[in-house]
Amino acid sequence: MTAFNLLSEPIRKYIRDQRWESLRKIQEASIPRILGTDNNYVIISKTASGKTEAAFLPILSKVNFKERGVKVLYISPLIALINDQFLRVEKLCEYLDVKVTKWHGEASKAQKDHLIKNPEGIVLITPESLEAMFVNRPQNIHHLFSSLDYIVIDEIHSFLGSERGIHLKSLLNRLQQINSNRFSVVGLSATVSDVNQYAELKDYLGNSENTMILRDTTPKPINALFKYFPGSVEELSLDLLKDLYVRTRDSKILVFPNARGRVEEVAVKLKKISERVGGHQNYFSHHSSVDKEVREYVEFFAKSAKDENFCISCTSTLELGIDIGNVDEVVQIDATHSIASLIQRVGRSGRREGKSSNLYLYSTDRWSLLQSIACWLLYSEQYIEPIQITEKPYDVLVHQILSIVKGSSGLYLNELLTKIAGNSTFNHITEEEVREIIVHLQEIDFLEKLGHEYIIGVEGEIVVNHKDFYSMFHTPTFFKVSSQGVKIGELPLSPQIKEDENIFLSAKIWKIKYVDFEMNKIEVLPARDGKKPIFLSDGADSAHRIREKMLEVLFSNVQYEFLDKDGQLILDDMRTEFAVFSLNNFGSERPLMNSNDNLELFSFAGSKINKSIGFIYDYLGVEYNYFDHQSSFTFKQNTEINSVHSIISFNMSDSQINDVIRKHLELNPKLINVSKWGTYLPLKFQIEILKKIEYDFEGCFNFLRNLKLVENN
DNA sequence: GACCTGCTGCGGCGTG
């Protein structure tokens, strides 16, 4: 029997009405499996290949929606994605007379109230809204979600390896605890291509033995074209902008310049060029600091543009599956920090079936060029970074303890311990440790004992009742920028924020008229000329494998046909410069430039390993400057070469590392602020969290164990 | 020089 015939009649009618000629490969695979078993599935297939339908066609055929209670819960990392998927799923559900309800912070209160009165059908929700319900309306969790058949998690890769993902895993566990019949989970992703990630994925869904991976590996045809235009940190070169303008003139295009300030620079300057030569004016910027309504307008414009071309300069806000329709080309300015990110960005282009498209990789300096080449080669090899596993997520545990206690009206220690022990998210944290954390929370008045029962303490109430409670991540407070009542976006306080300064924001130029420091507001007026805005932010860590690949490229003599002439010349220059080192083993050997009292070590290691190496040099009292961009350490004049070598095979015991970090934390308690909930942990657990977030000591010692520094001859 | 993600409850106001 074909997959189509297995589906229920209303769903088949839907497919006929859509006039689909056939089902997609991934749908053919998923339909008989989801219909025939109660296994968990992860559906991996590239963007726009019908993943949503691969999950929903069989689920809607299978589930009995006549029963009371919500039957299918769809979880998404983005509100925008919920709004898109709502339209698609609702259209499908019209054929079945099944109710679909959006449940997120911006969704209609009336619709939510209606669902409470009639718990039924499908609900689309964010992890944070789910958390809020656990905390504020635990009775609704039971009322709505205690007879679930399926949970669908969209863009599941965006949760893996992050604190937000650990949080969601805990929420899934807590939902499973209140469902008498086990529900199945279906994850959707475009960005899990490495078999090494499968074990972690299966574990994430909570039922490893019964989780199957369905993967469509059809490669995506895309041509890479490299362009090299040296520029300064402050400004892109005019030649780059002119060249880029030509790409954007006649197509629908996304440009990824990696930083919000640069995103604005690209959008404003291309628009200016276009204005001068009479081209289209559809140049937009899209990032977290552009006003939400402006962003929605940009998305709407892109989605509905038929014959009109456009160019959106953006950050990772347009990496995930928000529907912006067809994009012809993708431009990446300077290298991405991970291959996963590159895969997502490439996935945005050539969405038209079978059409190949171009990826333009611009570089503005030589190290970035080298990193871009490494990224492209790894992408072509279908490499993807391993998922970072946190065995002991103490900070998420603190948050979940508060959530559980708040959601119950008082509970005994044993009840609390049982709930945590039954949650596989915290499997590796011992009961002893959980008890220590509970005692600490009591000491800082986050928990309080009323008779024999735990309730939220005085200090805890303040935190738990704040709207910031529901998420795992911090968000800085910015100044709201508006012009005559129209919201434009927001900017962080920087020396740039003063009256009469001109800045770019939302692809337009503004003069600051007034800064209201009381209300955190900035009033602006349109202007003709200005500068890109300054966003003070941390940026992402570069992956280890990318750095290793850069070394391999540097010491290879392969000529890449995808490079332009300037790029080829620059690469040749770098190769000549590094030819003074005889390297044979790229796994263990690293160049140490020794010239005229100048010592420079090129570690070609990931950012976290480099931070760990820096930590060790600090410990050994060796002074250095670190440059993440080129993965190098330079040392002060008169530094003994032996000191530089001293990290080789160096090892520190866990307790030595802990002692050093403890001292750092005692001197500067704010260090733990990198973790929103780590702040409320006992010091010894704060140390563990810092080791995980800031450093990679295990990777570092593995690297140092075999490290050989090769000097120039 | 450097990314991103979400948000309750309630009071007050305008409108039907």
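1. The axes of helix 4 and helix 5 (residues 79-93) come within 11 Å and cross at roughly 30°. This is a predicted model. The crossing of helix 4 past helix 5 is right-handed. From helix 4, the contact uses T52, E53, F56, L57 and L60. From helix 5, it uses Q85, R88, V89, L92 and C93. By class, the residues of this contact are six nonpolar, two polar and two charged.

2. Helix 4 (residues 51-62) also packs with helix 3 (residues 25-36). Their axes come within 8 Å, and the crossing angle is roughly 30°. Angles under 35 degrees count as roughly parallel. Helix 3 and helix 4 are therefore roughly parallel to each other. Their crossing is right-handed.

3. Which residues of helix 3 meet helix 4? They are I26, Q27, S30, I31, I34 and L35. On the helix 4 side, the partners are E53, A54, A55, P58, I59, S61 and K62. The residues of this contact divide into eight nonpolar, three polar and two charged. E53 of helix 4 is listed in the contact with helix 3 and also in the contact with helix 5.

4. Next, helix 17. This helix spans residues 413-421, and its buried residues are L416, L417 and I420. Why do they line one face of the helix? Seen down the axis of helix 17, the buried residues fall within an arc of 95°, so they line one face. N414 and T418 are exposed, on the other side of helix 17.

5. What covers the buried residues of helix 17? The cover includes helix 16 (394-407), strand 14 (411-412) and helix 18 (431-443). L416, L417 and I420 are the residues being covered.

6. Last, a glycine in a loop. G606 sits between strand 23 (598-602) and helix 22 (607-620). Is G606 buried or exposed? G606 has a relative accessible area of 3%. Buried means under 20%, so G606 is buried.

7. The surroundings of G606 come from elsewhere in the sequence. Leaving aside residues up to four places away in sequence, G606 touches S542, A543, H544 and R547. G699 is 93 residues from G606 along the chain, and the C-alpha atoms of the two glycines are separated by 9.4 Å.

Key: Residues are numbered from 1 along each chain as its sequence is written. Chains are lettered from A and ligands numbered from 1 in the order in which they are written. This is a predicted model: local features need pLDDT of at least 70, side-chain atom pairs count only at pLDDT 80 or more; totals for chains, interfaces and linings use all residues. Side-chain values use heavy atoms; hydrogens and water are left out. Axes are lines fitted to C-alpha atoms, for helices over the stretch in contact, and angles run from 0 to 180 degrees between N-to-C directions. Helices (H or I, at least four residues) and strands (E, at least two) are DSSP runs, numbered from the N terminus. Angles under 35 degrees count as roughly parallel, over 145 as roughly antiparallel, 65 to 115 as roughly perpendicular and the rest as oblique. A crossing is left-handed if the near helix is turned anticlockwise from the far one by less than a right angle, and right-handed if clockwise. Contact means heavy atoms within 4.5 Å. Ala, Val, Leu, Ile, Met, Phe, Trp, Tyr, Cys and Pro count as nonpolar, Asp, Glu, Lys and Arg as charged, and the others, Gly among them, as polar. Buried means under 20% relative accessible area, exposed over 50%, partly exposed in between (1.4 Å probe, protein chains only). The arc is that of the directions from the helix axis to the C-beta atoms.
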